[in-house]
Amino acid sequence: MKPTRPLALAATFLVIGALSYGGVQLWAHYGTTPGVPASAPLTPAILAAIILATALAFRARLKAQREAVQRVLDGEPSPPILPGQRAPKPLDPLQAARAVMFAKASSMVGAIVSGVYAGYGVFLLGKLDIDVFRSRAIVCGITVLCGLALVGAALFLEYVLRVPPSGPDDGVPQNGNKTKTATQTRPVRNRPDGTFPVRRESNHSGS
């Protein structure tokens with residue numbers, strides 16, 4: 001799974017913003033401008049808070065897991081578990097994959113929401129002398145900020161759950177000794193499966 005590219009999110013923001021600006025202009029040409037609900041910033045703000053809390057929780061679990069593995073590698077005894085304290089559990093790969101997918105979708109949603117309200121806000125910049133349009137511009141600005149916060153929180157969650165690059169010293173077995181799995185065995189190529197008879201050569205002398 002490839003990480004989300006900030007350039008793709010920026011391009012989405014600009015394209016959606018341009019479409020939003022053109023759509024609002026066309027709407028205003030044939031009638032009144034659309035309204036902006038005061039609760040528009042709530043959804044991206046709540047999502048950003050949830051994703052940020054999830055990222056911090058995952059980071060704490062991964063940090064505790066890395067420290068436990070490092071103690072095993074260094075031959076240090078594990079600290080005693082206090083009453084009410086739980087031992088660090090390894091992160092479920094399926095849970096991490098779901099969180100990454102949720103983060104990727106949320107970052108795109110944040111870019112789209114920010115682009116929509118940014119285009120509308122740019123249209124309203126020339127009408128700030130009217131109270132109704134000024135209040136709408138303020139709501140649009142707050143919504144854009146919340147959408148960008150959602151993008152930032154989603155990218156941070158992806159950064160926390162990034163897969164480290166694989167190397168020859170990545171194998172950590174149960175006994176705490178690093179193994180270089182790349183140099184242990186060499187696969188035999190072009191060899192079919194099954195058992196084969198062993199051909200033995202005998203020396204015939206004086207026959």
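A residue counts as buried under 20% relative accessible area, as exposed over 50%, and as partly exposed in between. Arg 134, with a relative accessible area of 34%, is therefore partly exposed. This assignment, like those that follow, refers to a predicted model.

The secondary structure of the chain consists of four helices and zero strands. In sequence order the pattern reads α-α-α-α. Of the 207 residues in the chain, 26% are buried. The chain exposes about 15200 Å², and 62% of this area is supplied by carbon and sulfur atoms. Among contacts in the chain with a separation of 6 or more, 82% are accounted for by residues 24 or more positions apart.

A count of salt bridges gave one. In this salt bridge the side chains of Asp 131 and Arg 134 meet at 2.7 Å, N to O. Both residues belong to helix 4, where Asp 131 and Arg 134 are three residues apart, or about one turn of the helix. The two partners fall into separate accessibility classes: Asp 131 has 55% relative accessibility and so counts as exposed, while Arg 134 has a relative accessible area of 34% and is partly exposed.

One aromatic pair was found in a search of the whole structure. The ring centres of Tyr 21 and Phe 123 lie 6.4 Å apart and the planes stand at 65°, so the pair is classed as edge-to-face. Tyr 21 is partly exposed because its relative accessibility is 31%. Phe 123, at 12% relative accessibility, counts as buried.

A charge placed over a ring was also identified. The charged end of Arg 162 sits over the ring of Tyr 159, at 4.2 Å from the ring centre.

Helix 3 also contains Ser 106. The relative accessible area of Ser 106 is 4%, so this residue is buried. When neighbours within four places in sequence are left aside, Ser 106 is in contact with Ile 51, Leu 150 and Ala 154.

Helix 4 spans residues 131–160 and includes Ile 142. Ile 142 has a relative accessible area of 41% and is therefore partly exposed. A distance of 9.9 Å separates the C-alpha atoms of Ile 142 and Ala 118, which are 24 residues apart along the chain.

The structure holds zero disulfides. Cys 140 is buried because its relative accessible area is 1%. Cys 146 has a relative accessible area of 16%, so this residue is likewise buried.

Notes
Residues numbered from 1 in each chain as written. Predicted model: local features only at pLDDT ≥ 70, side-chain atom pairs only at ≥ 80, totals over all residues. Heavy atoms only, no water. Phe/Tyr/Trp six-rings, centres within 6.5 Å; stacked < 30°, edge-to-face > 60°. Buried < 20%, exposed > 50% of the residue type's maximum accessible area, 1.4 Å probe, protein only. Lys NZ or Arg CZ within 6 Å of the ring centre and 35° of its normal. Disulfide = S-S within 2.5 Å. Helix = DSSP H or I, 4+ residues; strand = E, 2+ residues; numbered from the N terminus. Salt bridge = Lys/Arg side-chain N within 4 Å of Asp/Glu carboxyl O. Contact = heavy atoms within 4.5 Å. Areas by Shrake-Rupley, 256 points an atom, 1.4 Å probe, with all protein chains shown as cover.
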